[in-house]
Amino acid sequence: MRKSNCPLPGLAAFVCAAALLLFTIPGQAQQAVQILHNHVRPTVTSGQAAPVGFLPPTQRMNLAIMLPLRNQPELASLLGRLNDPTSPDYGHFLTVAQFTEQFGPTVQDYQAVVNFAKANGFTVTHTPPNRLLVDINGSVAQIEKAFHVVMTVYQHPTENRTFYSPDREPSLDLNVPVKRIAGLNNFSIPRPMLKKRAAGSAIISNATGSGPDGAYRPSDMRAAYYGSGSLTGTGQSVGLVEFDGYELADVTSDMGGEAYTVTITNVLVDGASAGSDGDDGEQAIDIAQPIGMAPGLTSVRVYIAPLTSSIGVSDVDIFNQMATDNISKQLSCSWGWAPDDPSDDDPIFEEFAAQGQNLFVASGDSGRYTGNNNYDESYPAESDYVVAVGGTDLTTNGAGGAWESETAWSYSSGGPADNGFAIPSWQVGVANASNGASSTKRDLPDVAAEANFDNILCDDGICYYNDYGGTSYAAPRWAGYIALANQQNVTNNGTTLGYLNPLIYPIGFGTSYTSNFHDITSGNNGYSAVTGYDMVTGWGSPNGPTLINTLTGAATPSFTLSDSPSSLTITQGGAGGTSTITVNDVNGFSGSVTLAASGLPSGVTAAFGTNPTTGTSVLTLTASATATTGTATVTITGTSGSLVATTTLALTVNATATPNFTIGASPASLTVTQGSNGTSTITVTSQNSFSSATTLSATGLPTGVTAAFSTNPVTPAANGSATSILTLTASATATIGAATVTVTGTSGTLSHSATIALTVSSSSGAQTAVYNSTLKAPECATVGTSCDSGPSLLLGRDHMSGGAEPNQPNTINNSCADGSVGTFHSDESNDRILVTSTSGGPLTHATTATVTATVWAWSGYTSDALDLYYAANANSPSWVFITTIVPTKAGAQSLSATFTLPTGSLQAVRAQFRYQGRASSCTTGSYNDHDDLIFAVQ
């Protein structure tokens, strides 16, 4: 026997053999192999995680190849200057193109990575404009070959699941430097920083919110942390990191009954869906909190990756999309995880800082950090480039009232960074004997906000009050608050604030600290809340508008102008038109404003009802008989001392009007059955004093349809109207179907038309089915406008107690049997089927029909489902799925769906009403009822 070089039993021997094979492939490229690092967890390399199998070679995976930034020393220097108020570069943030040009990978290096991916059989799925990532999709076999690894499945050492990982650090035959290959393992899964009140624990008694049961609404945070000022976040966007979709109804419910007008935009990443998969509590509160704080936001952008995506791909793709969009200047993440390498996302976080984007991250809800990120999941909160947000317990002076007091929330996570991030320069000096902070490591959190169990959470239609808390409430609240600050900073300084920590730490160290922050000095999470910085609440929560004014400069009273309407059309020699000009207060402006209009066409005059004004003034624009016609932009200027504001109005001056008329039909659609008629009122309306006789005619009539007007011609009074009743009559043999009838009014050289959508339906009308003993199901053999099984043919199910179904199972050729268990009208049954032409005409192929099933749902109706199918040929049915509908209550109810009738003279629908299970055209089940209805189609 030949001795093996890999003397290991079972799976381990297979891994070894596979590895030997990978590195002994003949003809391998002779260039240097680039070996990467920190892609394999210590639990794998140490043998703690037992291998249990391999990923199938054909399984496909999404990965992201990240390239390193260039000119790192220059970037570090620039970031310092951008966030230093004493630097000439302060606030002069870069665009995406500028950042890419100065610090992104070169075009040549990026293209080399793209070429490498394609050469190894990968599909390149996305190439972002900053050239940091090459998103790829490939099979496990391609991944193993390209990166010289074996994709192995291991038992997770601390969770009841398996995870996949390469068996060794990846390497690749590529001379261009690569920082990482994201997505090679799923050891860590992102988890929301959301906590439910322990069962049996006391309900919060000091909650002073304005929501149900005293729970805090999102708007209560605005009242507590900002007040009643005029800032609303106008012009600002908040971006949110989410690992699953949501239902908009839950966002609305989380607002606690308050309406909102903020645009919510979904940005889907890595094939994500915008809808909830059954648990959207975190996502919904994340959206609601910044809206409550900043109700005038231009948008909330929800960046969604699938929850099933592995860390490394989903997080990096979301963060990079936020950076390359560069729309939201305040970003929030309420999720935590344990990264392969804590520097994984640094290139993107540095781009955030260079572009003036600030990321808030929830610090966690597990109290004092343990020092092990696999347990704390404190990343990305611990990064040097984000603002970590802890939690507090807030009390206001009444429902929706101002801040009264605040203590540390005992579950607020904090402490020295688990991953050993070195203390950043702006944080040096926070450590002292009382707070226990580290003088060498990054300390968390930086700031805090309300996070106790006194909030609203709505999850898939169910709302909870005073049951949930978490720093995942606090982080998006801070994002909303900084949107207010950025609104003011844009007004005062023409830019946003950018990365916040270098700005707030000097405030914390300064003499005005307690004017800007609520210093929280009671409570603990294992660390104690103390005077000044602590590792429960950081510097504390924002102290009203004072912090905003300190960051942006005191607000200067000013005003803006608006006009309504913002466009006018007037006529030469006419009465003119009016627009209301409004003076809008900015930062407490209360002065008087003098108004003037410029840009008026020749012959147009302007007059203000009140001038000067402190509120509104009605502007009247009048055109003389010889005024210049056409379009013009009128500028309204308001002046108050040195303050000047403008608004514009689009003006159209029309020539003196000539007499004319319009024509209309009501109703504009008619359905007429063969042998009957229908009517529509034709109205001729005078314009510009038109009062001439107008002759009416109708064209486009189907064969067998005639038209008659009750009055013809008609003469409207000057600037009035006249009517005539049009009667459309269909003979018994009139052509059935849809047609467009054009009604034309003619008066001299003037001619105008209106249209009527006419449907001629068969006189056969509604049809009631009879049992077809050959096909073994109810049938309507004649084409009609509908086909109804009636109240008795399908009533009941199989031989169920008290309600055996006649001719059961009533499926074509007895092809699908019913379940016989249960009691009539206590357990499931499908009792009636109705197919109706949606248009009211005969059932015709290529038109829409509605199928309605009348079912009886069990008391546990949420476990029931109705599956609907159709078949083009009832004699040999091939069933096509329409939809699945879940009952809305127990007992009798009618459930409907629409479908397009295919080609076929004798068609069928099938209604399957089932208990549990999955949709199919014939699902076996003791409580399942299957019924078919056959009907003729023209």
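I took buried to mean under 20% relative accessible area. With that cut-off, P218, S219, D220, M221, R222, A224 and Y225 of helix 7 come out buried. The model I am reading is a predicted one.

**Entry 1. Whole chain**

I began with the overall counts. The protein chain holds 16 helices and 54 strands. I looked up its extent next: along the principal axes, the C-alpha trace spans about 95 × 95 × 65 Å. Of 938 residues, 53% count as buried.

I went back to helix 7. This helix is mostly covered, with 7 of its 8 residues buried.

I wanted the packing of helix 7 next. Two packed helices are described by the angle between their axes and the distance between the axes. Helix 7 (residues 218–225) packs with helix 9 (residues 281–293) at an angle of about 40°, and their axes are 7 Å apart. Helix 7 is therefore oblique to helix 9. I recorded the crossing of helix 7 past helix 9 as right-handed.

Which residues make the contact? On the helix 7 side I listed P218, S219, M221, R222 and Y225, and on the helix 9 side A288, Q289, G292 and M293. I sorted the residues of this contact by type and got 5 nonpolar, 3 polar and 1 charged.

**Entry 2. Disulfides**

I searched for cysteine sulfur atoms within 2.5 Å of each other. How many disulfides does this give? The count is 3 disulfides.

I looked at C458 and C463 to start. They form a disulfide with sulfur atoms 2.1 Å apart. The angle about the S-S bond is 110°, and the link of C458 and C463 is right-handed. I then asked about cover for each end. C458 counts as buried because its relative accessibility is 0%. C463 counts as partly exposed because its relative accessibility is 27%.

I moved on to C780 and C787. Their sulfur atoms are 2.1 Å apart, and the two form a disulfide. I read 85° about the S-S bond for this link of C780 and C787, which is right-handed. Is this pair buried or exposed? Both C780 and C787 are buried.

The remaining entry on disulfides is for C816 and C922. They are joined by a disulfide with an S to S distance of 2.0 Å. The link of C816 and C922 is right-handed, with 95° about the S-S bond. I located both ends: C816 sits in the loop between strand 47 (786–788) and strand 48 (829–837), and C922 in the loop between strand 53 (906–915) and strand 54 (929–936), so the pair ties together parts 106 residues apart in sequence. C816 has a relative accessibility of 1%, so it counts as buried. C922 has a relative accessible area of 35%, so it is partly exposed.

I also checked C333. This cysteine counts as buried because its relative accessibility is 0%.

**Entry 3. Two loop serines**

I looked up S731, which lies in the loop between strand 41 (721–730) and strand 42 (737–747). Its relative accessibility is 28%, so S731 counts as partly exposed. What is S731 in contact with, leaving aside its neighbours within four places in sequence? I found Q674, G675 and G704. I also took a distance from S731 to T658: they are 73 residues apart along the chain, and their C-alpha atoms are separated by 43 Å.

S642 counts as exposed because its relative accessibility is 75%. From S642 to H126 I noted 51 Å in space, C-alpha to C-alpha, and 516 residues in sequence.

Technical notes: Residues numbered from 1 in each chain as written. Predicted model: local features only at pLDDT ≥ 70, side-chain atom pairs only at ≥ 80, totals over all residues. Heavy atoms only, no water. Buried < 20%, exposed > 50% of the residue type's maximum accessible area, 1.4 Å probe, protein only. Helix = DSSP H or I, 4+ residues; strand = E, 2+ residues; numbered from the N terminus. Axes fitted to C-alpha atoms, helices over the stretch in contact; angles between N-to-C directions. Parallel < 35°, antiparallel > 145°, perpendicular 65-115°, else oblique. Left-handed = near helix turned anticlockwise from the far one by under 90°. Contact = heavy atoms within 4.5 Å. Nonpolar A, V, L, I, M, F, W, Y, C, P; charged D, E, K, R; others polar.
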